[in-house]
Amino acid sequence: MTARVFVPCDALSVALGADEVAERLVAETAARSLDVTVVRNGSRGLFWLEPMIEVDVGGMRHAYGPVEADDIPSLIDAGLLDAGAHRTNLGPTDQIPELERQTRLTFARVGVIDPRSLDDYLAHGGFDGLRRALAMSPSDVVDEVEASGLRGRGGAAFPTGIKWRTVLGAPASPKYVVANADEGDSGTFADRMVMEGDPFCLIEAMAIAAHAVGATHGVIYCRSEYPHSIATLEHCIGVARQYGWLGTSIAGSVLDFDIEVRVGAGAYICGEETSMLESIEGKRGMVRPKPPLPALEGLYGKPTVVNNIITLASVPWILAHGGAAYSGHGVGRSAGTLPVQLAGNIRRGGLVEVPFGITVRELIEDFGGGTASGRPARAVQIGGPLGAYFHNDQLDTVLDYEAIAAAGGLLGHGGVVVFDDTVDMAVQARFAMEFCAVESCGKCTPCRVGSTRGVELIDKIVLGEQRSANIAQLEDLCEVLEHGSLCALGGLTPYPVRSALQHFPEDFGQRNQQDEHDAQENI
Amino acid sequence: MTVIDPARLVEMANQIGDFFAPYPEQRRIEGVRNHLRNYWDPRMRSDLLAYVANGNEGELASHVLAATRLLQTEADERSAYAGPPRVEH
Amino acid sequence: MWSELRALRDGIDLGTPPRDGEPVTLSVDGIPVTVAAGSSVLLAAGIAGCTVPKLCASDTLEAFGSCRVCLVEIEGRRGYPASCTTPVDEGMQVRTTSDMLAKLRRGVIELYLSDFPEGDIDGGWSQLNTTLDQVGVHRLADDHPYRSGANHQGGVLDMSNPYFVFDQAKCIVCSRCVRACEEIQGTFALTIDGRGFGSTVVAGQNESFLESDCVSCGACVQACPSDALIEKSLFPGGYERADSSQA
Amino acid sequence: MPIPVKPDQSTITTCAYCGVGCGFKAETSGGQIVRMTPWKEGKANHGHSCVKGRFAFDYYRHPDRVRSPMIRVSIEDPWREVSWDEAFAHAAGELKRIQETYGSGSVGAVSSSRCTNEEIYLMQKFARVGLRNNNIDNCSRICHSPTQFGLSATLGAGAASQHFDSILRSDVILVVGANPTEGHPVFGSMMKRSVRRGANLLVIDPRRTETVDSPHCRASVHLALRPGTNVLVLDSIAHVVVTERLYDEAFVRARCDWDDFELWMSQVGDARYSPDVVGPEAGLEPDDIRELARRYAAGPNSTIYYGLGVTEHSQGSTGVMCLGNLAMACGMIGREGVGVNPLRGQGNVQGGSCLGSWPHMFTGYRFVTDAATRAVFENEWKIDLDGEPGLRLPNMFDAAVAGSFKGLYIQGEDPVQSDPNRHHVEAALRNMECVIVQDLYETETTKFAHVLLPGSSSLEKNGTFTNAERRVSMVRKIVEPVAGLEDWEITVGMINAMGYELKYDHPSEVLDEIARTSPAYSGMSFELIERVGSVQWPCNTAAPEGTEVLHTVTFPRGKGSFMLTEYVPTKERVDDRFPLLLTTGRILSQYNAGTQTRRTANNAWYDDDVLDISADDAAQRGLRNGDRVRVASRYGETELSITVSGRVHPGVVYTTFHFAHTMVNAVTSDLNDWATNCPEYKVTAVEVTKVTKVGKVTKVTS
């Protein structure tokens, strides 16, 4: 019987040498005339263990990692194919603590299956959700999604069911489903892992959405920095078409739907849904005012579902298992699970899918194992570059949309970036303004001019020039940015700036006594 | 002396004749006649008639020639069903 | 369909194109007003007689929402939506003035002034001057923290067109020219080049106006609120750039 | 300080350039115009403008302006400045002397579409009461006379059926022989707006013009036919409509003469008009003809806009009839979004057509041969009128060459430059004893003039213009006329000098007279136009504020009439000596003969006529971009620089005609429309050869 060895093929594993590992594995087993199939799977998300290879022994997967190509001979010598003992042996994959403690719904197949194999996908419950959806009326599908309590995982957390219902109710045609894969937040990679680890799931999800709202055409807008994702998606879309999961009369139903992949050109703002629609239309990536909502006048002015990849990837599970099963996870209005991405100064970075309700401390200490440097964590930025900085005394904040908001932050796309006590928070605040300045589309004035003024103000503050006046002006500017900007880029930039200023005032330059006094009043 | 070179008048008349050629015979002739009557300076008409009468009938298409004869015989106005706009009575 | 053309009135800028639609009644600063569905709150405010300052909005162009000075408050809604891009709803209650609105508008105007030639404000009669009057800010204080920041005061001065100039120092990047070229003229000769603070109006492939596809219809000049695009004929002695700036 | 001058006064007026008739605000400071800005309430332009109306106004104060009346005995003599009275007396004396010597019909007049309705009306009144004949013509003779003829024949009204805004309700827009983005730019922008909103654009034009393909506006079908095959191709389109039964039978039965429709069907339905036969002859793919026909017929609202590419042919009137037939057959007339619409060239060329400035017609397109119409004017003017048609302008020139026509009063026209076969026109003028020219500047034509009357520009007078959508708008005096008199006052002076006493205190009195005598204008008055902004005729008791869409219930002639439109190939053919077809047109920045725009900074964009030639034809002749070439036809030759262009097919060359020195009309043929004598500017067989030295333009025999 052929032994199966799994070597991840996603961009992160490849960057860490997975291709070389796979090549070496093939060469060595061939040289030894061993009957081995090397399967390229997605990453499990345990990045500190990548490249992590797995071997299937009697239906149970055993993990080894991190593995280098040069480890292969000794691994085979050690009886890799029988899960033999080796320095890198991690035991049964499912029993790796950081994996075992997760609740993998959206990521259930990621790292398990060969992402390019339709058979593998079908063997792991693939298209069960679509099959069930096609047997339901569009409105019932929307009801199911509504019942799941799923909210947009791109950052806005808007209830997906309500969005879909709006599109379903829009009279215009054609309608579109657009998947937002312009994953631009620093420290985030969940979208990429789905596209590279379980791409058929996205295809299935978009087809479910198409059925639910009456769309005929889908677009996946993927950032150009994800070439592996693009290649995988293109391949799998072709396969899906070939086997009737895309195209006309999908799965023998009346659903006609097809998908194309469009590649972004490196603008962060194109992750904002209206800019993305402009970009897909071939225009400059600039934010459109809302209303009109994309749900009513989206791509080419037609009703459009725009969802984040993780949002969509959650849908097949919901349809297959029922909305109630999904909403059984989580807390309060934050139903289901959130794929959190741990990054920055952290020992065990990677993807952690957990139900809402866990604390930030559990995440970075229990899953993340604390800082990589071993120094105390000083700040945690949650929700990408526009998310607020949390002080280490706020780490017991519960991870759900409302609790994070109550603490002055936002959950965003689920990125968590850890900083140790060497961080200069004034530099971080300046970085936020600079990020806004660099990524601003230039449409609205608060963001276009304000971000540059913000950088200048922080520079002056750090230099101690007119400190209190400049801090006061920075506060005013943050107010203008927050309330006056056209989109979330300018609107959220004050979050990291204010939180840094509020929680870490000591990092913001020299202060004289008068300023001390002023600062008391101002902050 | 003629008001305009007769060769030019013949050319113009035949060009008008070309337009009305596809009509049934009576309409074809009356079309040309009406056009000449409503659009041509009378000196141009009389010069053409004089030229044609002077042994040059062969230079005009037959229905154009027939139309010039109508011009001579009919002094009254006729409704121009093919020559716009109508002359109202 | 034709209101957007036929309901335009000389000397009045409703801010966004008039619409054809069922009547919708709302109140603006307590004043009931009825406008066609699809109209903007900005237009309704104007008809109600409430002046909302604006820069990027014009009733000859579709709403764009970039200048952020027409912000209002709407009962039951969070934040401070731009009135130009917010369509009216039945029963909507709009406030066009409040301390917060005044503060936000001042804050936005200060950003504009931080990159505008000071010498071009006094005595001017552009739409920008009108807006400055409405907001009540005309210059940055001498010790304002925004002074001496990055700016475009040494930017392009394009005199190539025989009839009008483009002076980037006075450009507020509202895109009215770009939109006029697209929506009114249909030539698509103008665009915004660059991003963020580096966004600038350019003709063609970053050519001079004369060399570009610009057909000199004047729609951009007509649309410009800040005299960055302006007729040479209004400068009998020739056009000269202001030598002082706030920046 | 760079603070702009603030105008102290603003006056609403109408642009005098093209037939769009944009409303403008003329802003002045210290009595000088400092700016023209488009008027938002202008119903033709809604606040938009083009480079000409918006900016090119400096011509009015150009040093070349004629500032005093001048006379001379011989065209070899220098000009002598005289008073207005002396000029009038001299001019009238000469005309009377000529009439005594050569007969009443030996003199005539031409009105200008640069002038107001009131001035055009007064010019025809000058001919009829001053000269006592019908030798009056207008410049639409050489542009849209076939429109008036062809649309009157089919629909009964020789004018646009729609208003401009109507195009926003069109699903399909068929543009034939017109290039609105260059010739009618503000309407062109409206057309593009409609296309951007989803209207389907179809174009028939030998050239791949800007209208065919520009950003976000591309024709779905472009028939780049061989010049001269319009009627053939339009008949082929009709063939498809008939044979595929795409016509609207209910509409035809209700609104049109069914017998004529059947006659027409049997003609165009014949196999000789099948796309398979026509395609090769016209240089087209047969399927493209079918596709265009199907799209037009499918509508639901299809509209036709056409220009001089239809009219300026030996079958110009027939081509217009083809369009009228097509619209009736498909039921595309009589409501918003459909119709047949000429894009008229000059600011008031529609007025030129409406106001009786024709040798065979009075105002409102009523025949001089009609006694009842004559009676209306005889009663108004208290004078007996000539009941026979007069000479058309080309016939006046023919007659002058023949020696029977000796005096001409030309109001604001430059026929030497504008009219075809320049040598013939020059010979005609040289043969005259008194040529009176009323113009802003000395022109090619004033070289042959004996009396030069300083005209007033449209910025210097009061009156009305009628644009291409039948819209009558106000022209207002912004500055004083340079020589003291508005054009209408000059013509009044001439009428009085001819011995017919009349007096108007204001042009509004002239419009009142037009209203009294002309049914379509009966409700029109300055007061009404002041009140409502502008008024589309017909304006009468049934339509007190005018009429936007024509033919909604019936056609003016009752039933619509299908005309037979047999294709008769032009006699102008290519051969070994003249293997290329020259066609002509215009460009955005210049206006017609360029008299005004050449005196503005618009030359920055286009300072000379150039010849567009295909790469194939250029290569065959060893020509490169920018080379000087001699363009020779059977009628004459001239020199131009070339642009190797993808806009023209091999076998076709193209130029504009805006510059006097290029003398393009020394090359164009003297063939003309069978019905109206409108010249065939659009088709001339030529050869193009390289010239090594830039030499003086030489002339050949014609």
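Q: How many bridges join strand 20 of chain D to strand 21 of chain D, and do they run parallel or antiparallel?
A: Four bridges join strand 20 (residues 463-466) of chain D to strand 21 of chain D, and the two run antiparallel. Strands pair if DSSP finds at least two bridges between them; strands are DSSP E runs of at least two residues and helices are H or I runs of at least four, numbered from the N terminus. This is a predicted model: local features need pLDDT of at least 70, side-chain atom pairs count only at pLDDT 80 or more, and totals for chains, interfaces and linings use all residues. Residues are numbered from 1 along each chain as its sequence is written, and chains are lettered from A and ligands numbered from 1 in the order in which they are written.

Q: Which residue stands opposite D:Thr466?
A: D:Val472, in strand 21 of chain D.

Q: What about the turn in that hairpin?
A: Four residues lie between strand 20 and strand 21 of chain D, and D:Arg470 in the turn has a positive phi of about 70°.

Q: What is on strand 22 of chain D?
A: Strand 22 (residues 534-536) of chain D runs antiparallel to strand 21 of chain D, joined by three bridges. D:Ser534 is the bridge partner of D:Ser473 there.

Q: Why is strand 21 of chain D largely enclosed?
A: Five of the five residues of strand 21 (residues 471-475) of chain D are buried, so the rest of the structure largely encloses it. Buried takes 20 or more other C-beta atoms within 10 Å of the residue's own, exposed 12 or fewer, partly exposed in between, with C-beta atoms placed from the backbone.

Q: Switching to helices: at what angle do helix 4 and helix 13 of chain D pack?
A: Helix 4 (residues 145-154) and helix 13 (residues 316-329) of chain D pack at about 40°, with axes 8 Å apart. That makes helix 4 of chain D oblique to helix 13 of chain D; under 35 degrees would be roughly parallel, over 145 roughly antiparallel, 65 to 115 roughly perpendicular, and the rest is oblique.

Q: Now the interfaces. How many residues of chain A are in contact with chain C?
A: 30 residues of chain A, against 29 of chain C; contact puts C-beta atoms, placed from the backbone, within 7 Å.

Q: Which helix of chain A gives the most there?
A: Helix 20 of chain A, with eight residues on the side that touches chain C.

Q: And chain C with chain D?
A: 36 residues of chain C are in contact with 34 of chain D. Helix 5 (176-185), helix 6 (219-223) and strand 9 (229-231) of chain C each supply at least two residues of that side of chain C.

Methods. Axes are lines fitted to C-alpha atoms, for helices over the stretch in contact, and angles run from 0 to 180 degrees between N-to-C directions. Two residues are in contact if their C-beta atoms, placed from the backbone, lie within 7 Å.
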